[in-house]
Amino acid sequence: MITAVQLVERVHGLSMEQLEVWVAADWVRPEHHQGAWYFTELDVARASLIREIRDDLAVDEETVPVILSLLDQLYAARHETRALAEAINQQPESVRDSVRACLQRLYEEE
Amino acid sequence: MSEDLYAILGVSRSASDDDIRKAYRKLAKECHPDLHPGDKKAEEKFKRISAAYDILGDPDKRKRYDRGEIDSRGEETPHARYQHYADAGAGAGMGGFGGRKYANFGGGGMGGGAGFEDISDLFADLFGGGGARAGGMGGMGGMGAGGGGDVRYRMTVGFTEAAAGARKRVTMPDGKTLNISVPAGLRDGQTLRLKGQGEQDPRTGQAGDAYVEVSVESHPHFTRDGDDVYVTVSVTPGEALGGARISVPTVTGDVSLTVPKGSNTGRRLRLKGKGIQRPGARAGNQYVTLQVVLPDEPDEALVNCVTEWEKKHPYNPRRGTEGRS
């Protein structure tokens with residue numbers, strides 16, 4: 001866990017004021033301990049991404065939450081898919097074979 | 001490999017800085033890797049356009065590129081990609097995955113409408129296939145098979161840590177803490193194997209290995225080529241003309257360097273063995289390029305003195321480069 005000051009130092013071109021706005025908007029979600037914010041590596045990467053979307057890609061402020069929301073859904077869906085795949089991976093060989101055959105059929109029907 | 005950077009961004013050599021910025025933005029929107037997780041092609045393309053923009057988007061670097069002083073191998077600025085954290089988890093136990101934290105952002109539910117066809121590529125990845133759709137699904141169980149699962153992580157280390165070696169205690173996105181010894185001379189993109197630090201097989205108790213792919217940060221002053229380190233150091237006109245002993249940074253700390261009398265801008269001095277010392281290899285050198293720097297606000301006395309001197313001793317530093325506009 002790192003502090004807000006450390007996060008601002010790590011994310012090139014980010015100011016404390018900006019970070020405060022993003023946290024207020026719930027774009028970045030620190031943990032709160034005794035009145036201070038603490039961030040994880042995930043938050044650092046997310047802040048970098050938001051900065052890139054706004055500054056490098058020149059996406060306007062109002063569009064940023066739309067993108068974030070879609071991205072979060074995308075990653076959540078990827079995650080569920082991964083969990084499903086991992087569950088299949090842990091099945092006996094015969095079950096995995098049936099799933100594989102079934103998937104193959106579905107692809108071929110496209 | 002020298003590719004034309006203008007061609008990568010799809011602009012002409014005479015494009016304005018503004019045109020270049022617009023072209024970069026348009027392309028970056030199409031292929032930003034965090035917006036296209038799992039799409040290797042987009043990621044490759046993004047790396048190329050970022051490297052191109054890194055040079056062409058900076059008026060100084062662009063001029064130097066146009067003059068042929070720097071080549072098209074832009075230094076990619078490695079930093080942690082969001083997708084790495086947001087996607088983290090599946091390989092490393094289903095416990096604390098990062099994406100979940102933001103999964104309900106903006107009230108957008110998970111809307112589980114994804115059919116198999118939408119996620120086929122992801123499945124192909126997961127089943128350890130060669131990627132080619134159903135055909136590549138052969139080697140299911142690539143992860144987690146045998147004794148304990150191997151897990152893969154990524155981390156970023158500082159330029160000097162990678163150059164001189166370091167011991168790092170890092171918390172990985174899944175919450176696991178690893179003690180990692182970074183060997184001196186580690187290169188960007190190298191993978192470290194930590195034996196027995198992977199996932200434990202619940203049945204056999206055997207642990208897999210952890211593989212940590214390392215990106216090395218770029219440094220504001222140092223660059224490296226293999227085990228040699230390059231740095232540009234500024235000197236005053238007096239130090240350059242009269243010679244001096246100055247202190248210069250190396251990856252292992254400051255050392256003192258003799259600037260010979262009459263050293264001009266661009267003179268390169270070698271600090272033998274002060275580059276990167278990989279275990280068991282001969283140490284690289286550090287090369288110091290001098291740059292003569294005038295005072296921020298030269299006063300009248302200095303200006304008069306130099307212009308008077310030049311009247312008596314005219315010389316032409318542009319000899320041989322004139323007429324080539």
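Author: Let's zoom in on one histidine, His219(B). First, some housekeeping: residues are numbered from 1 along each chain as its sequence is written, and chains are lettered from A in the order in which they are written. This is a predicted model, where local features need pLDDT of at least 70, side-chain atom pairs count only at pLDDT 80 or more, and totals for chains, interfaces and linings use all residues, while side-chain values use heavy atoms, with hydrogens and water left out.

So, where does our histidine sit? You'll find His219(B) in the loop that links strand 5 (210–216) to strand 6 (223–225) of chain B; strands here are DSSP runs of E, at least two residues, numbered from the N terminus. With a relative accessible area of 24%, His219(B) is partly exposed, a label for values between buried (under 20%) and exposed (over 50%), using a 1.4 Å probe and protein chains only.

Now look along the chain. Phe159(B) is 60 residues from His219(B) in sequence, yet their C-alpha atoms are 5.8 Å apart in space. If you skip neighbours within four places in sequence, His219(B) is in contact (heavy atoms within 4.5 Å) with Phe159(B) and Thr160(B).

Finally, check the side chain of His219(B). A polar atom there lies 2.9 Å from the backbone nitrogen of His221(B), and the backbone nitrogen of Phe222(B) lies 3.1 Å from a polar atom of that side chain.

How values were computed. Helices (H or I, at least four residues) and strands (E, at least two) are DSSP runs, numbered from the N terminus. A polar contact is a pair of N or O atoms within 3.5 Å; within protein, one must be able to donate a hydrogen and the other to accept it, and residues adjacent in sequence count only if both atoms are side-chain atoms.
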